[in-house]
Structure formats: C-alpha cells, structure tokens
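Trainee: Could we go through this structure together, one question at a time?
Mentor: Gladly! Have a look at it here, and then ask away.

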There are 2 protein chains.
Amino acid sequence: MSMLQLRLVDSKSSVTKEKILDAAEALFMEHGFEATGLRQITTGAGVNLAAVHYHFGSKEELLQAVLTRRLDPMNQERLALLDQLENDARGKPLTCEAIIGAMFIPALKLARDKARGGKNFLRLIGRAYADPAPFIRQFLSHQYAPMIAFFKAAFGRTLPHLPAKELSWRLHFLMGALSYTLAGTDVLKLISALNPIATDNDELLLRRLGPFLVAGLQAPLADLSELTARPKSGRRGVRSA
Amino acid sequence: MSMLQLRLVDSKSSVTKEKILDAAEALFMEHGFEATGLRQITTGAGVNLAAVHYHFGSKEELLQAVLTRRLDPMNQERLALLDQLENDARGKPLTCEAIIGAMFIPALKLARDKARGGKNFLRLIGRAYADPAPFIRQFLSHQYAPMIAFFKAAFGRTLPHLPAKELSWRLHFLMGALSYTLAGTDVLKLISALNPIATDNDELLLRRLGPFLVAGLQAPLADLSELTARPKSGRRGVRSA
DNA sequence: GTCTATACCACGATAGAC
DNA sequence: GTCTATCGTGGTATAGAC
C-alpha cells in the first residue's frame with residue numbers, strides 16, 4: 001500500500017517531467033538543441049517555464065536526460081548482444097562484422113521504433129556526438145566510456161596485430177564516420193550534389209557503412225616514416241586501381 | 001594613381017574588418033562559435049559593437065567570413081594539387097592515396113602555419129563540418145560543392161567498379177572520419193580512456209587516417225540482400241572468424 | 001561610407017509567494 | 001511542486017555623428 005502510494009506520488013510528479021521530456025525530444029530533433037527555446041518546450045508541454053529548472057536544473061541537463069532515456073537501454077542492448085556473440089563463439093575472437101553488428105543492430109532497432117523517436121532520434125544522437133559543446137562531450141564520454149571500452153577490447157581480440165594506439169585511432173575514425181552518417185543527410189548534397197539520396201532506409205545506409213568500416217579497421221598499418229609528401233616529383237603511388 | 005587611391009580607401013575600410021576577423025577567429029578557435037559573444041569580439045578587436053553588423057551583417061555571416069578567409073585558398077591549393085597530379089599521370093587514373101594526399105597536404109600546410117591559425121584553425125573547420133546549424137551546412141555545401149565534385153570525379157576514375165551512389169556514400173563516410181578527427185581531441189578520451197594521445201603531431205594523425213580511408217574506399221561492395229538481423233533467435237551472424 | 005550610442009526583444013536562470 | 005515576476009546577457013536594428 002505504501003508502495004502503491006509512493007508509486008502514485010512518483011507518477012504524479014513524473015507526469016510533468018515526462019511531458020517536458022517528450023516535448024523537448026521532439027523539438028530538439030526538429031530544430032536542434034541551440035535553436036530550441038525553453039519557452040517553446042514548456043508551452044508545447046503545457047507546463048510552466050520554471051518547471052524545467054525545477055525538474056532538471058538547466059537546459060543542458062534537460063538534453064542529457066533526453067539522451068539518456070533512449071541511449072541507456074540501447075547501450076545495454078549493445079553490450080548484451082556483444083556478450084551473447086562472444087559466449088556463442090566460445091573463446092574464438094569475433095569477426096569485425098559481428099562486432100560492428102553488435103553496435104549497429106540496436107541502433108537500427110531504435111531507428112525503426114517510431115515511439116522512441118525513430119530515425120530522427122538517431123540524427124539527434126549523431127549531432128550530439130559531433131557537437132563541440134563541452135558539456136555534451138563530457139557527458140557522452142563519462143556516460144559511455146565503459147561501453148566503448150568493451151567494444152575496444154573485442155576489436156583488440158579480433159585484430160591482435162594492431163597496436164593499442166592504432167586501434168584507438170581507428171575506433172575514433174569509426175565513430176567519426178558513424179556519427180557523421182547518423183547526423184548527416186544535409187551535407188550529403190555536398191557530395192552527391194543532385195538528389196539528397198534516400199534517407200528513409202537507414203538499414204541500407206548502415207549496410208553500406210559496414211564494409212567501409214570493416215575494411216578500414218583491417219587496413220595495413222601506416223608507414224610512419226617518410227613524412228609529408230612533396231607534391232612535386234615523387235608520386236610512386238601504390239597498388240593502382 | 002587612382003588605383004593607388006582606391007587601394008588606400010580599400011585598405012582603410014579593411015582595417016576594422018580585419019581586426020574583427022582576427023579577433024573573431026582567435027575567440028572562435030578558443031571557445032567555439034556559440035560560446036563566443038559579439039561583445040567579446042568587438043572589445044577584443046577594439047571596435048564598436050555595431051561594426052560587426054555593418055561589415056558582416058550578422059554573427060553567422062562573420063563566422064562564414066572567418067572560414068572563407070582560410071578555406072578558400074586551401075581549397076584552391078587542393079584543386080591545383082589534384083590537377084597537377086592528374087597532368088603528371090597523363091590519363092592514367094590516380095591512386096586513392098594520391099587523391100587523399102591532395103586533400104590532406106594543403107590541410108597539413110595550414111595546420112603548420114601558425115600565422116593562419118595553425119592546428120587550432122583545423123579544429124575550427126572540423127567543428128564547422130560537424131556542426132548541426134543549418135546555416136553552416138548550407139554555407140559549406142554551397143561553397144565547396146564544386147571542389148568536392150572534382151575529387152569525387154577523380155575517385156570515380158580510380159574506382160570505376162563502384163556505382164556512383166556507393167561512391168557518394170563512401171565519400172560521405174570519409175568526410176565524417178576526417179572532420180571528426182580534425183574537430184576531435186576531446187572525444188578521444190571516450191576511446192583511449194587514459195591519455196588524450198599526442199595531438200600535437202597532426203602529420204602523424206593524418207598518416208594514420210590515410211590507410212583507414214583508402215581501405216574503406218576500396219572495400220568490397222555491401223551485400224544488400226539479407227536485411228536486418230533478428231537479435232533474438234537466429235544468430236548465425238556473419239561469416240565467422 | 002564608416003563608425004558610434006543606444007534601445008530592443010528573446011533567452012536562460014533565479015527568488016520568493018502560494 | 002508550481003507559478004509569477006524579474007534579472008542579466010545575448011544577438012540585433014537603427015538614428016545620427018563624422
């Protein structure tokens with residue numbers, strides 16, 4: 001009974017909180033973080049302006065709450081998938097494809113779940129990863145470093161010949177391509193100047209990204225001698241097309 | 001003489017303008033675009049607040065001016081380098097490494113030129129490419145689409161087996177990894193949780209990025225059949241290690 | 001044409017009444 | 001927990017001095 005009462009109190013106080021979260025999520029997805037005002041959010045949610053600061057403390061912390069609500073379960077799913085794959089493999093290292101799949105499949109699931117924001121939320125995540133604002137970077141690194149560490153360890157077992165430093169860099173490149181792709185859509189016009197390419201099929205998108213990343217991860221080590229090329233004479237390029 | 005006079009008038013009117021550009025560039029590099037106030041810029045430059053709007057129209061257009069001042073020459077250099085390489089090759093397609101080199105070397109030159117902002121300016125560029133603000137994306141795409149188109153054509157000749165659509169995507173992934181890397185530094189802690197890795201050697205950085213991107217560009221085509229995996233029962237994920 | 005002073009309005013944040 | 005009133009600061013717009 002006391003539990004029920006507590007539940008009621010909890011849910012009552014949570015109603016405003018979740019109304020704010022829902023409205024903020026929708027507006028952040030549509031207009032971005034900076035472009036969205038607290039007054040839009042609160043009037044959209046039908047609550048008072050000050051409620052945001054009461055429940056979340058600041059606009060920045062509101063964004064963090066919006067992100068964790070979706071990202072926490074997704075990252076748990078990622079880890080569970082990775083764990084399951086490794087159990088199935090019984091000691092044998094996974095393929096790059098499998099590990100990348102463990103990262104992508106939960107993201108794809110989220111992208112198809114319209115009740116959780118769908119692909120627009122993926123864009124929001126991608127933007128967050130690419131955002132220069134220090135509070136976002138700190139939030140993401142502190143919050144998700146453990147998950148990344150697991151994946152880094154898995155890649156390390158799969159690519160034992162790669163020095164740890166090199167692996168760190170390649171994961172960094174991977175995250176870059178991934179977040180840029182998730183956030184993207186617009187900048188695509190920069191490359192395929194004509195049509196914005198079908199963005200509705202995120203599945204196809206990530207299936208295209210996969211081989212690119214796998215090949216990159218498995219690339220031969222860089223030749224770190226012979227520094228900056230001289231654009232003048234010496235081109236003795238590499239295995240040609 | 002009239003030319004001289006015109007020159008004088010021009011340079012006179014440019015003094016304030018360039019003072020603003022210099023101050024804005026320094027502050028944008030240090031604190032980012034959003035975090036920098038117009039009042040910091042104008043007091044830093046020793047000019048009046050309204051001068052920004054007189055010379056540039058808005059804070060956004062000021063950022064665009066800051067970017068073009070460095071990016072325009074760099075992109076011209078990139079195109080010249082590409083052109084030279086292709087002339088030297090006399091009809092034979094270039095290697096991926098060579099084309100990527102034509103993109104990177106001017107960037108490296110800029111990174112080492114402290115008078116033009118050095119590597120901090122590269123970070124600013126990287127941030128701009130990753131920035132969600134629509135005006136930045138529009139600016140970059142409209143301004144640099146032609147250059148990208150040239151490089152895309154060069155890659156197309158080098159990788160003739162790649163469908164145009166696939167090539168567009170891979171260039172998109174490439175830009176993502178590149179911009180993320182240029183902007184990065186902070187998020188690295190997300191991956192190599194310990195030391196922030198030596199960021200002072202941009203040359204080494206891009207030499208590590210090179211092989212990753214080359215391998216990604218040359219990756220085999222994705223298998224677009226067999227769509228989404230079901231995380232539940234059927235895991236016979238991927239051709240195993 | 002250039003530059004300045006100044007006012008404007010929206011923003012995020014906060015204090016205090018209920 | 002919720003609301004109103006208000007603060008300081010942000011980008012912006014303009015009238016007018018040189």
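**Helices, burial and confidence**

Mentor: To start, reading chain A along its sequence gives the pattern α-α-α-α-α-α-α-α-α. Keep in mind that this is a predicted model.

Trainee: How many helices and how many strands does chain A have?
Mentor: The pattern along the sequence reads α-α-α-α-α-α-α-α-α. The count for chain A is zero strands and nine helices.

Trainee: What span does helix α6 of chain A reach from its first C-alpha to its last?
Mentor: Helix α6 covers residues 118-130 of chain A, which is 13 residues. At 1.5 Å a residue, 18 Å is expected. The model comes close to that, with a span of 19 Å.

Trainee: Why is α6(A) described as largely enclosed by the rest of the structure?
Mentor: A residue is buried if 20 or more other C-beta atoms lie within 10 Å of its own. Among the residues of α6(A) that are buried are A:Phe121, A:Leu124 and A:Tyr129. The helix is largely enclosed because the buried residues number eleven of the 13.

Trainee: How many contacts beyond four places in sequence does the model have for residues 1-11 of chain A?
Mentor: The mean pLDDT of chain A is 84, but over residues 1-11 the pLDDT stays under 50.

Conventions: Residues are numbered from 1 along each chain as its sequence is written. Chains are lettered from A and ligands numbered from 1 in the order in which they are written. This is a predicted model: local features need pLDDT of at least 70, side-chain atom pairs count only at pLDDT 80 or more; totals for chains, interfaces and linings use all residues. Helices (H or I, at least four residues) and strands (E, at least two) are DSSP runs, numbered from the N terminus. The expected span of a helix is 1.5 Å times one less than its number of residues. A residue is buried if 20 or more other C-beta atoms lie within 10 Å of its own, exposed if 12 or fewer, and partly exposed in between; C-beta atoms are placed from the backbone. pLDDT is the predictor's confidence in each residue, from 0 to 100. Two residues are in contact if their C-beta atoms, placed from the backbone, lie within 7 Å.
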